[in-house]
Amino acid sequence: MIDFFVQKRSEMVEKQLMPRGITNRNVLESMSAVPRHDFVPPALKKQAYDDNPLPIGYQQTISQPYIVAFMAQAAQLKPTDIVLEIGTGCGYAAAVLSKLVKKVYSIEFVPELALEAKKRLHTLGYSNIVVVEGDGSLGLKNHAPFNAILVTAGAPIIPEPLKEQLAINGRLIIPVGEHAHQKLVRITHLDQTHYQEERLQAVRFVPLRGEHGWQA
Ligand code: SAH
C-alpha cells in the first residue's frame, strides 16, 4: 500500500503539476513529500492523488493538488518567511507550505476541522505549523506582519485587515468573487501606501465566511 501511494504521488507531480507550469523545485519537492492520503477521510484514500478536490466533511474540501502547488508557487516563498494560511481544512496545504518556509500560522473557522487538523499535523510530525480556530477574514493581528498570506476560500472583496498584515514585499494570494466566477489574485505590498494587484487565473473555492466573508 505504501508503494501504491508513493507511485500515485510521483504520477501526480509528473502528470498534474509539471506539465501545467509548476516549475519551482522546492514546491515540487514538497508536493512529492507530503502524504496527501493521510489528509483525506479513510474511504477516499485511494483517490487522494486524483486531479480534483475531495470532500472532507462539514461541507468543506481538500483542494486540488495543482491549486495547492500553484498558490505555493505564486506566493514566491523563501525559507525565512512567516506565512499565514486562511482555511486550514484538513491541513494539507499547511503541510505543503511548512516545508517551504520557517513558520506557518493557519486559521480555521470550523472548530471540529481545526481540532482534527491540529491533531493530524502533530501526529505526522509537522512542528512549525500553528493551527488557530477563528475567523481568518480578520487575519491574525498578534502574529503580523506576514511575508505571505494564502487564502483558500473565496472572498467577496479583498479583506482590508489582510492587506494591512502583509510585510513590505509581502504577497497575498486570494480567490475573489462569487463561486462560479472567482479569480485568484496576487497582491504585493510595495511600500507603506502602494499595493500591486495581479490576476492569476480562474478558480473555484468554497466561500470565505466571517466578518469580511460572505456570511457568519
Ligand atoms: N487549505 C485547505 C483547503 C480548505 S477548504 C487544504 O489544504 O485542502 C477552505 C477552508 O476554509 C474550509 O475548511 C472552511 O471551513 C475554511 N474557512 C472558511 N471561511 C473561513 C474563515 N473566515 N476563517 C478561517 N477559515 C475559513
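## Basis and surface

Accessible areas here come from the Shrake-Rupley method with a 1.4 Å probe, and for residues only the protein chains shown count as cover. On that basis the protein chain exposes about 10500 Å², of which carbon and sulfur atoms supply 52%.

This is a predicted model, in which local features need pLDDT of at least 70 and side-chain atom pairs count only at pLDDT 80 or more, while totals for chains, interfaces and linings use all residues. Residues are numbered from 1 along each chain as its sequence is written, and side-chain values use heavy atoms, with hydrogens and water left out.

## Overall fold

The protein chain has 6 helices and 9 strands, these being DSSP runs numbered from the N terminus (helices H or I, at least four residues; strands E, at least two). Its radius of gyration, 16 Å, is close to the 17 Å that the globule rule gives for 216 residues, so the chain is as compact as a globular protein of that length; the radius is taken over C-alpha atoms, and the rule is 2.2 Å times the number of residues to the power 0.38. Along the principal axes, the C-alpha atoms fill a box of roughly 50 × 35 × 35 Å.

Of the 216 residues, 52% count as buried, where buried means under 20% relative accessible area, exposed over 50%, and partly exposed in between (1.4 Å probe, protein chains only).

## Nonpolar cores

A nonpolar core is a set of buried Ala, Val, Leu, Ile, Met, Phe, Trp, Tyr and Cys residues joined through side-chain atoms within 4.5 Å. In the largest one, of 51 residues, Met31, Phe39 and Tyr92 touch the most other members. Elements that each supply at least two residues of this core include helix H1 (2–17), helix H2 (25–33), strand E1 (54–57) and helix H5 (111–123), and the largest share, 8 residues, comes from H3. Apart from this core lies another of 19 residues, among them Leu84, Ile107, Phe146 and Val151.

Contact means heavy atoms within 4.5 Å. Leaving aside neighbours within four places in sequence, the contacts of Phe39 include Val34, Ile56, Ile62, Tyr92 and Leu121.

## Thr61

Thr61 lies in strand E2 (residues 60–62) and counts as partly exposed because its relative accessibility is 35%. Beyond its neighbours within four places in sequence, Thr61 is in contact with Pro53, Leu54, Pro55, Ile56 and Val206.
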